[in-house]
Amino acid sequence: MKYLFNICLLAGLFFTACKKELTTDAPTAGINLVNARSTIGDTLVFKLGDTCRFALDGYADNIAFWAGTLGNKYEYRDRAMALGVPTLSFTSTAQFGVQTNTLQVLATNKLPSRDSATVVNAAWTNITARTPLATSATAVNTGNVNLSDLVSGVNDSLFIAFKYSGVTGSTQRTWTITNYTVNNVLSDYSYNLAALANDNAYWTRYGNVWTPASARWVPTTTALTIVGGAATAPTNTSWIVSKALYVGRVSPDISTATVKNITASATTSYAYKYLAAGKYRATFVSYNVNPNESKTAVKEFNIKVIQ
């Protein structure tokens, strides 16, 4: 047994000595912007319509280009949360009957569960006064309604509800909500938090009248609709509540283009044309990777495009 142990120990040492981690060299790609019209400090100046021409030498397995335009900023590559101004917008129509105050628009950032008792008794803020509503079949759009006072931080969630009331004794109104969106609006970027086309399966409905089916809210990918009953229809209170809207959510920015990947031959040039005047930070990221390590080099250019 002693000899067997020694043999196993030696074998283990042998295989450990033979095991070698894969390594990679740092990228050596040199990148220069060669055709600026002028230079002001560290900023390279172009006129709108110019093509920025970059000269490349050296080597990298992969090179990605970030133009510094909306959605393509290298500094935001890992950004997933950033609170701007949460805004609500929708279009409404109201048909049939003359009953008034039959639709309320409500919002809350506190909805611990989705059972009917919790929803009805939640701390809703009535925002109907902020949202111009139709009084007839003529469509009325709310514009962008600022909801920033209803949230306190980047991790807050927000719920939007439409509450319908119809009273027996006269024709009840029919409401249709279209173009519903909620956005997180930053200074240079707007992230869509909610839209009818995407949220059809996530609305929750509550009500005291369920027959006929038209007496409750019906969500589709294009509209939220509730059909009011005739004069003999029972009094109806019906809710439809959105999914949780995480108001600080944004999408990480992505690169504008892949200049080179590992399967391509080395490239000596790259060209890009900005479509609007402004200031941009163009960024090239060169990187060599293997299963054990990654080595990266970053080269940035401050670019100003003038009219």
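Predicted model: local features only at pLDDT ≥ 70, side-chain atom pairs only at ≥ 80, totals over all residues.
## The six-stranded sheet

Six strands make up an open sheet of mixed pairing, ordered β2-β3-β22-β21-β5-β19. Its edges are β2, residues 38-40, and β19, residues 257-260, each of which pairs on one side only. From one strand to the next, the twist averages 30°.

Within this sheet, β21 and β22 run antiparallel and are joined by 12 bridges. The two strands form a hairpin, with four residues between them. One of the facing positions is T283, which stands opposite E300 in β22.

The pairing on either side of the hairpin strands can be followed in turn. Strand β3, residues 43-47, pairs with β22 in the parallel sense over five bridges. Here K47 has I306 of β22 as its bridge partner. Strand β5, residues 62-66, pairs with β21 in the antiparallel sense, also over five bridges. In that pairing, N62 has Y287 of β21 as its bridge partner. In general terms, the strands of a sheet pair through backbone hydrogen bonds, in either a parallel or an antiparallel manner.

## The three-stranded sheet

A further open sheet consists of three strands in the order β1-β4-β20, and its pairing is antiparallel. The edge strands are β1 and β20, the latter covering residues 269-272, and each pairs on one side only. The twist in this sheet averages 20° from one strand to the next.

Strand β1 is joined to β4, residues 52-57, by four bridges, and the two run antiparallel. Across this pairing, L33 stands opposite F54 in β4.

## Two buried residues

L33 belongs to strand β1, residues 30-33. Because its relative accessibility is 12%, below the 20% limit, L33 counts as buried. Leaving aside neighbours within four places in sequence, L33 is in contact with L44, F46, C52, R53, F54, F301 and I303. One of these residues, F301, is 268 residues away from L33 in sequence, while their C-alpha atoms are 7.9 Å apart in space.

Y164 lies in strand β11, residues 157-166. With a relative accessible area of 0%, Y164 is buried. Residues up to four places away in sequence not being counted, Y164 touches T102, Q172, R173, W175, W217, I226, G228, N236, T237 and S238.

## The largest pocket

The largest pocket holds about 150 Å³ of space. Its lining consists of T43, G68, K73, E75, K279, Y280, R281, N302, I303 and K304. By class, these residues divide into five charged, three polar and two nonpolar.

Strands β21, residues 278-289, and β22, residues 294-306, each supply at least two residues of this lining. I303, one of the lining residues, is also among the contacts of L33.

## Cavities

A search of the whole structure finds three cavities of 30 Å³ or more. The volume of the largest cavity is about 50 Å³. As a general principle, rolling a probe the size of a water molecule over the atoms shows where empty space is left.

The largest cavity is lined by A29, L56, D57, G58, Y59, A60, I63, K260, A266 and T267. This lining has six nonpolar, two polar and two charged residues.

## Positive phi angles

F96 is a residue other than glycine with a positive phi, near 65°. F96 lies in the loop between β6, residues 85-95, and β7, residues 103-108. F96 is exposed because its relative accessible area is 53%, over the 50% limit.

N179 likewise is not a glycine, yet has a positive phi of about 55°. N179 is found in strand β12, residues 174-185, whereas F96 is located in a loop.

Terms used. Residues numbered from 1 in each chain as written. Heavy atoms only, no water. 1 Å grid on protein atoms, 1.4 Å probe; cavity = no way out; pocket = protein on both sides within 12 Å on 5 of 7 lines; lining within 4 Å. Points joined across faces, edges and corners; volume = space filled by probe spheres on them. Nonpolar A, V, L, I, M, F, W, Y, C, P; charged D, E, K, R; others polar. Buried < 20%, exposed > 50% of the residue type's maximum accessible area, 1.4 Å probe, protein only. Contact = heavy atoms within 4.5 Å. Pairing = 2+ DSSP bridges. Axes fitted to C-alpha atoms, helices over the stretch in contact; angles between N-to-C directions.
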